[in-house]
Amino acid sequence: MDDIAVNDYCGRLEYVEFDAGIPEDHFVRFVVSFVRNFLKFFKLNNIKFTSNDENNKSYSLVKLAGLIYYAFTEGITDAKKIEYNAKYNKLYIYAANGIEPSYKTIENFIEEWGDLFECLVTYTIIFAKIAGLTGLEHVAFDGSLFKAANNKFNVLHRDDVRTLIRWVSGKVVTNRELKKLRRPAKKFMARLDLTNKQKLDLLNTIDERFDETGQNTVPVNDYDARHVTDKKGKKIIGYNIQTAVDNSTKMFCAILISNQATDHGLFPEIFTKMVENIGIMPEVTSADSAYHDYETLQFIEDNDIKALIDNTRAAKLRNGNGSKKIFHKDNMNFDYECNAMKCYANKPLYFQENTFSVNNKTGKLEVQSKYYNEEACAGCIFKLCCCKGKKKREVIVSGGELALKMEESMLDYENIYEYMKRFSTVEPLYGIVFYQIKFHKNSSTQFSINDSLPTFL
């Protein structure tokens, strides 16, 4: 490592040691050491990265990766902020080993070497496991909607973007086409803080977002955001951020951004991403009732995953808030051996059929299972009270046998104890994200690596 660097802070030239005033146990030292050893192990430490910006400078892969990786662990993903910190923040100067790349260089590096950071985080988690910091026994899943820093009307439309690309490229654009541009597009044309080349690069990036998201508009201030509907049915521009968090270290094992308003059906995707990142299947996974849907339960069954997913009925039974009516299905037990519900008279109501439907709001597949036993009901002494004038008692269960199986797991005391760990794992981390990573009510993720990049605090 070089010993000194030139720092033009406050217009003066002064020599500073990179590690001056940085505690020996500071996290930045771990990041720099880890990145250097990681790249050395894979024989990437001598590679130079040449940016295609105006300066056309070459930078050490080790230095650029160390700077950007440390910035991401601090929650800073804006390339301009990283550029500023590399000049004036001693922790970032140390991480960058004195280099001062432009924000365009940083953007280009992230674009070309984005997968490197995913590998770095994966090996960080593996390193934590080897070091005995975690056994990855329990990974908790959760999701939340975040509103982006963008007015829902301040968006660029696909046809406007295509017109602007032709205009910036110097191609023929008629006056009629320019007049038809919407207000956000005209404001973009008038921006003086960007050169024509920068405008063209940004427009091409935004144009790619249309194909990635399948939407016809892209937010001007945060083109990574999606149009989502919150739980109140209100249209907002934001993100549904899915996380997988290790219970022991509080590391994010995976992060996934979705444009769904709910968490229904997202468990298989975030679980698969988590396994890809950490390389193993954890002993236990947990999620709240928002993930309790047929597709998720079927995925868990098919892949032999030990998952603890709560639902409303199980929570009611655990808290003693089940129905007080003795013939209610809340007071029935499920018999796995014969796939039947045991009624108040301890007689089996056998499974008869599944009814499948598609939820109009979520677009997800749902199933309802029907259980009854007409012969058992015919001679039952409780028929009058239980069947209420009908020939037989029918029990309808949402989610079918898989839902009943999961419900039984959530009534086991050992599983309940394990499930309760999530309240000290994934739930509080959103509060930390709000405060530490500046992910406030209105957030921006411009210049982020990609939607599925896992990070950790």
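1. Basis. The model is predicted, so that local features need pLDDT of at least 70 and side-chain atom pairs count only at pLDDT 80 or more, while totals for chains, interfaces and linings use all residues. Residues are numbered from 1 along each chain as its sequence is written, and side-chain values use heavy atoms, with hydrogens and water left out.

2. Overall make-up. The protein has 17 helices and 18 strands; these are DSSP runs numbered from the N terminus, helices being H or I of at least four residues and strands E of at least two. Of its 457 residues, 48% count as buried. Buried means under 20% relative accessible area, exposed over 50%, and partly exposed in between, with a 1.4 Å probe and protein chains only. The accessible surface comes to about 24,000 Å², and 50% of that belongs to carbon and sulfur atoms; the areas come from the Shrake-Rupley method with a 1.4 Å probe, and for residues only the protein chains shown count as cover. Among contacts (heavy atoms within 4.5 Å) with a separation of 6 or more, 64% are between residues 24 or more positions apart.

3. Helix H11. This helix spans residues 294-302, and its buried residues are Tyr294, Thr296, Leu297, Phe299 and Ile300. Their cover includes helix H10 (267-278), strand S12 (307-309), strand S15 (348-358), strand S16 (365-372) and helix H15 (400-409). At the start of H11, a side-chain oxygen of Asp293 comes to within 3.2 Å of the backbone nitrogen of Glu295.

4. Positive phi values. Most residues other than glycine have a negative phi. Asp304, which follows H11, has a positive phi of about 50° although it is not a glycine. Asp304 lies in the loop between H11 and S12 and counts as exposed at 68% relative accessibility. Lys43 is also not a glycine and has a positive phi of about 55°. Lys43 sits in the loop between helix H1 (27-41) and strand S3 (48-50), and is exposed at 72% relative accessibility.

5. Glu418. This residue lies in helix H16 (residues 413-419) and is buried, with a relative accessible area of 17%. Its side chain makes a polar contact of 2.9 Å with that of His138. A polar contact is a pair of N or O atoms within 3.5 Å; within protein, one must be able to donate a hydrogen and the other to accept it, and residues adjacent in sequence count only if both atoms are side-chain atoms. Leaving aside neighbours within four places in sequence, Glu418 is in contact with His138, Val284 and Leu308.

6. Lys199. Found in helix H9 (residues 196-213), Lys199 counts as buried at 4% relative accessibility. The side chain of Lys199 reaches the backbone oxygen of Met189 at 2.9 Å. Not counting residues up to four places away in sequence, Lys199 touches Val168, Phe188, Met189, Arg191 and Leu194.

7. Glu353. Glu353 lies in strand S15 and is partly exposed, with a relative accessible area of 37%. Beyond four places in sequence, Glu353 is in contact with Gln368, Ser369 and Lys370. The C-alpha atoms of Glu353 and Lys370 are separated by 5.5 Å, the two residues being 17 apart along the chain.

8. Of the 14 residues lining the largest cavity, Cys343, Cys377, Cys380, Cys386 and Arg393 are the closest to its centre. On a 1 Å grid over the protein atoms alone, a cavity is a set of points where a 1.4 Å probe fits but cannot get out, and a pocket is an open set with protein on both sides within 12 Å along at least five of seven lines; lining residues have an atom within 4 Å of a point. Grid points are joined across faces, edges and corners, and a volume is the space filled by probe spheres set on the points. Helix H14 (383-387) and helix H13 (374-378) each supply at least two lining residues of the largest cavity.

9. Second largest pocket. Its volume is about 610 Å³. Of the 30 residues that line this pocket, the closest to its centre are His292, Asn311, Ser398, Gly399 and Ala403. Elements that each supply at least two lining residues include H11, S15, S16 and H15.
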